[in-house]
Every structure is written in C-alpha cells, then in structure tokens.
Amino acid sequence: MTEQDDSRLMIRPEYKPKAIRSYVIRAGRITEGQRAAFDDCWPRYGLSLHHGRLDLEATFGRVAPRVLEIGFGMGDSLLAMAQQEPDKDFIGIEVHPPGVGRLIKGAADAGLDNLRVYMADAIDVLDDCIPEGSIDRFQLYFPDPWHKKKHHKRRIVQPAFVEKVRTKLKPGGVFHLATDWQNYAEHMQAVMEAAPGFTNAVAPGQYAERPDYRPITKFEQRGARLGHGVWDLLYRAPVSE
C-alpha cells in the first residue's frame, strides 16, 4: 500500500509532537483483511485521541473492571484476554497499524463488545483521554527494551511514566509489566521499587510468576524453547491516597 493510500484511509497513528519517543513505527504491509477491518470495524472499536476525555461507562455501556494495555503488538494476547474475561472491559493502545487491524478484525469475528482501541501515542492518550482513578489493571508487556545504553532514555518505564500510571489506577489497582530482556527487567524493577505509592505484590525486590490471565504468546513460546527468560513484575497502587 502506498503512503497516499494510508493517508486516504487515515491508517496512521495519532500523536502530538514530542522530542523523545519510546517506540518506532515498524514497517509492515497492511493486508487486505486488515485494511478492510479499518473500514468495517474501526467505527465500532476505534477511539480517537482527538475526542478528549473518555467516558468509560458510555463507551462500554456498563460499569465493569477496566484493563488498559499499552503496546499490544499484533493483538493476539489482548484478544484472548478480552474473550476469557468478558466481565472486564479492555482498552488497547498501539501505534502499529497492521496489529490494530488484526485485533479489531479478530474482535469483530468473535463478536466482542468489551474491547476498544486507540491507534495513538500512549502518553498522549494517558494525558488527554484516560480519567484518573479509572483503571483496575494496567498492562505493559514486552515494550521495546532499547538495549543500547545510549538509548535507555527512550525506555518507557521511567519515574515520570510510572507516576502517570499510578494516577490512572484505581486504589488497589495493579500495574503488570513483563519483558524478555533481563537488563530491562532489572531496570523496571529498580524504577518500580523506588516509585512512590507502589507496593510489590509479591515481596520487595521479587519478580512474579506469570498470572493465569496473561496468555503465553507464540514469540514467548519460541523464546522458551531457546532458553530465553521472561520476567513478570506486579505492583499494586495504594488502597487509599
């Protein structure tokens, strides 16, 4: 698909200008099915950064526990969670158009109504769209590790970001992080252990077992066969401020 086609279909992420980003837009061709999903499914599942503060009860038509995930990739695990936990409402944020197209097509095929998606910069969405104290579980799985030391400033897990997450969580809400890069796991743990208002849900300085609700991805299964590790971290926001 040409850039002109993308512009016509508005298949591009929304974002506000900023100097440093925690992601890069990965090259990838949108399939015909994914492109059709934007035409057919985006009006049902898509949310826009430009619509401002989200009314969650109006969006989902009910009051329910809410899960927000940043960077869902191709969307397979988020789709599985939305199917497995119909009592919860899920919001996904991703900048990779093929992944967004795949997810909303899967949601439509499954007849889901407990999933909505932003194709936008996550920090912009948190700042402009997600109400404070509204999220029960905040998920950040396998973010870009930016493994070169000179790029560590681009890692999304930094004190300012963690504080932003805390303000979006309900009292007692959970921030669940996972990575397959040990150096990043250590970085995450150091930032989280020092973050005001968060408590390690396992024990200070400890990693967590993978919770049953987080599906094992094909990428993770392949890594396990090659002896690669995965580190989960669970931190709980204070029950009362």
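I began with the sheet of this predicted model. I found eight strands in an open sheet, in the order 1-4-3-2-5-6-8-7, with mixed pairing. I noted strand 1 (46-47) and strand 7 (199-200) as the edge strands, each pairing on one side only.

Strand 5 (residues 135-141) and strand 6 (residues 169-179) pair in the parallel sense, over six bridges. I picked Arg137 and found its bridge partner in strand 6 to be Val174.

Next I asked which strands helix 8 lies across. Helix 8 (residues 159-168) lies across strand 2 (66-70), strand 5 and strand 6, and I read its angle to strand 6 as about 140°.

I moved on to helix 6. Helix 6 covers residues 97-110, 14 residues in total, and spans 20 Å from first C-alpha to last, close to the 20 Å expected. I listed its buried residues, among them Pro97, Val100, Leu103, Ile104 and Ala107. I found that the buried residues of helix 6 pack against helix 2 (32-40), helix 3 (42-45), helix 5 (76-84) and strand 4 (115-118). After helix 6 comes Gly111, and I noted its positive phi, near 70°.

Last, I checked Ala82, which sits in helix 5. Is Ala82 buried or exposed? I count Ala82 as buried because its relative accessibility is 1%, and the cut-off for buried is under 20%. Leaving out residues up to four places away in sequence, I found Ala82 touching Phe90, Leu112 and Asn114. I also looked up Ala82 against Ala107: they are 25 residues apart in sequence and 8.6 Å apart in space, C-alpha to C-alpha.

How values were computed: Residues are numbered from 1 along each chain as its sequence is written. This is a predicted model: local features need pLDDT of at least 70, side-chain atom pairs count only at pLDDT 80 or more; totals for chains, interfaces and linings use all residues. Side-chain values use heavy atoms; hydrogens and water are left out. Helices (H or I, at least four residues) and strands (E, at least two) are DSSP runs, numbered from the N terminus. The expected span of a helix is 1.5 Å times one less than its number of residues. Buried means under 20% relative accessible area, exposed over 50%, partly exposed in between (1.4 Å probe, protein chains only). Contact means heavy atoms within 4.5 Å. Two strands pair if DSSP finds at least two bridges between them. Axes are lines fitted to C-alpha atoms, for helices over the stretch in contact, and angles run from 0 to 180 degrees between N-to-C directions.
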